[in-house]
Amino acid sequence: MNFFFGIQNNLFSSKLEIPIFKNDGTFLEETILYKLKIQDLEWKIEIFDKSKKNNFFFHVNSSDVNNNDIFFIGRHENLKKFKSNKLIVLNEFTSLVPHGYHYRSNLRVNINKGGFSSYQSDYPYKMTPVKGSVVTSLASVTNFNADKNYIFFKNIYELPIQENFKIYIVDLKEKKIKTFFEAKTNYSNFFEIKKEYILPEMFLVSKNYVGIPIYISEKNGQISMEHTNPPTSNILNSDRIDIVKKFKRELNEIIN
Amino acid sequence: MKSLIRKIINLDFSIQVRNTLNIIPKGIQKKVSNQSSTSDAFIWRTDNNFTTKFKFSDILKLYFKIKKSHVELHFYSKFNNLITIKKIYDLDFSNEVVISKNLLGGIEDYGVFYAYHIMDEKKSQNISVNNKCYTGFSKDKEFYSFVHGNTLVRTFDYYTNNQNELVQTSFIKNKNYLIQKFFYSSEKNELFFTNPASKSVKFDINGKNFKLKKGHSKLISINDNFVKIRSNCFYFRPIAFTYNEKYFDVYHC
């Protein structure tokens, strides 16, 4: 099961197109787009299928996107399983199947000056119970020559809480913390990255909570948005999990 | 006996039969060498004033603490002709290469390249890495729109120095892929396809037929809001370029 999300602030707006079909062409009958939000330390669910387009997509306009709410698709009968104190798997419509592809929405970010960028996005359920650390190279998809570079760090955590956690910029050569940001769970966190940190030795390291690190850069209204791949995707060894753990430990020792 | 059966069902031909009949299909050849470097088929573009930038990590240094290595970029034309091999030494944790027409001998076109991490000294330990790093595309040579690598396409075996494709095919077009994206008619959209397999790929886009030989790539303009691709190849997904007035966007589909 996947969740879908957007971002909204004074610089960027976003909209979502959530498909009602799998990549293999299977259409999901009688599906409803639901919105989840946190209220009084509980997950609140509401129906949000007001603008289905051509029976292919649920369309979520920028006026309906904010940094807190998340979306998923399901059927009415799935709600019997819904729990307000914890996210659980309500259906398998959007789950990954063998030899299949991730079920993704199109998240399109626009800047007031006119540019746009999109990526096929999803937040898999299996990430929501995870507490841990995300490590990613800061230089990978940022633009040194951009007017501005930003990190958009999306976390969805299973419990209906908005807890603060830190995201560090770490210099791997000097083994030093360069700066940090205060992020929160169940939120589309957004921070500007100063140019001085866009160097090969700089890594972004989150503490206690994982998430999807998405980088946005902007110059003269043209924008670039892309997420980075997790470190395990760089290794095919059978012991790749241990190799990445060791690498993460090296960076976590700097922030602890 | 069991090992003989296993050998037979994993022959190239047998895999194609399995994939055609959808009996225990196999999308990717998982038996990558214990000492190898695998790469996506990354796009380069120098056509229509594009410049490409490739950003990559020194994977061997970051995860295996190997200090003496280099990266080889093997550039191919859209018809799979080797253009040049660039070797990059003195690697930092993160590195970048600008791919302009000057780098490719003045060629203004498009194609693919493969990025291999090569150890300068032989090691006995198992080291199998995969480059799924990032390509950026620019019209002004200053600001790049980035997209990440996605698929394991070609692997370089450190023992044999051979390169092999990993993605598997079937005899018929029985793989459907409906792109989960609405393409607006008000925008210009191009889809970039590369053949990730060692066999020819036959495919159609909303019924219009195409064919890509081994290593070939093709940029196709589309005018449809919805795109259905039918092919004989696993993991056959395009990268999209969308243009709206003076802005453009690049993303995986």
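In the predicted model, the C-alpha centres of domain 1 and domain 2 of chain A are separated by 25 Å. Domain 1 of chain A spans residues 2-108, and domain 2 of chain A spans residues 130-255. Each domain contributes to their contact: 19 residues come from domain 1 of chain A and 19 residues from domain 2 of chain A.

The size of an interface is often given as the accessible area lost when the parts come together. For domain 1 and domain 2 of chain A this buried area is about 1,700 Å², with 73% of it on carbon and sulfur atoms. On the side of domain 1 of chain A that touches domain 2 of chain A, 11 residues are nonpolar, 6 are polar and 2 are charged. Polar contacts are present between the two domains of chain A, in 6 residue pairs with both members at pLDDT 80 or more.

The interface between chain A and chain B was examined in the same terms. Contact between the chains involves 63 residues of chain A and 55 residues of chain B. Chain A and chain B bury about 5,100 Å² between them, and carbon and sulfur atoms give 52% of this area. Across the interface of chain A and chain B there are 4 salt bridges. A salt bridge joins the side chains of B:K65 and A:E250, with an N to O distance of 2.7 Å. Polar contacts across the interface of chain A and chain B amount to 30 residue pairs, both residues being at pLDDT 80 or more.

Several secondary-structure elements of chain A each supply at least two residues to the side that touches chain B: strands β2 (12-19), β6 (57-60), β8 (105-111), β9 (116-121), β17 (212-219) and β18 (222-227), together with helix α1 (240-255). The most is given by β18(A), with 6 residues. By class, the side of chain A that touches chain B has 21 nonpolar, 28 polar and 14 charged residues.

B:F50 is located in the loop between β2 (42-45) and β3 (51-57) of chain B, whereas B:F137 belongs to strand β9 (residues 134-138) of chain B, so the pair ties together parts that are 87 residues apart in sequence.

How values were computed: Residues are numbered from 1 along each chain as its sequence is written. Chains are lettered from A and ligands numbered from 1 in the order in which they are written. This is a predicted model: local features need pLDDT of at least 70, side-chain atom pairs count only at pLDDT 80 or more; totals for chains, interfaces and linings use all residues. Side-chain values use heavy atoms; hydrogens and water are left out. Domain bounds come from an automatic or database domain assignment. Contact means heavy atoms within 4.5 Å. Buried area is the accessible area (1.4 Å probe) that two parts lose on being put together, summed over both. A polar contact is a pair of N or O atoms within 3.5 Å; within protein, one must be able to donate a hydrogen and the other to accept it, and residues adjacent in sequence count only if both atoms are side-chain atoms. Ala, Val, Leu, Ile, Met, Phe, Trp, Tyr, Cys and Pro count as nonpolar, Asp, Glu, Lys and Arg as charged, and the others, Gly among them, as polar. Helices (H or I, at least four residues) and strands (E, at least two) are DSSP runs, numbered from the N terminus.
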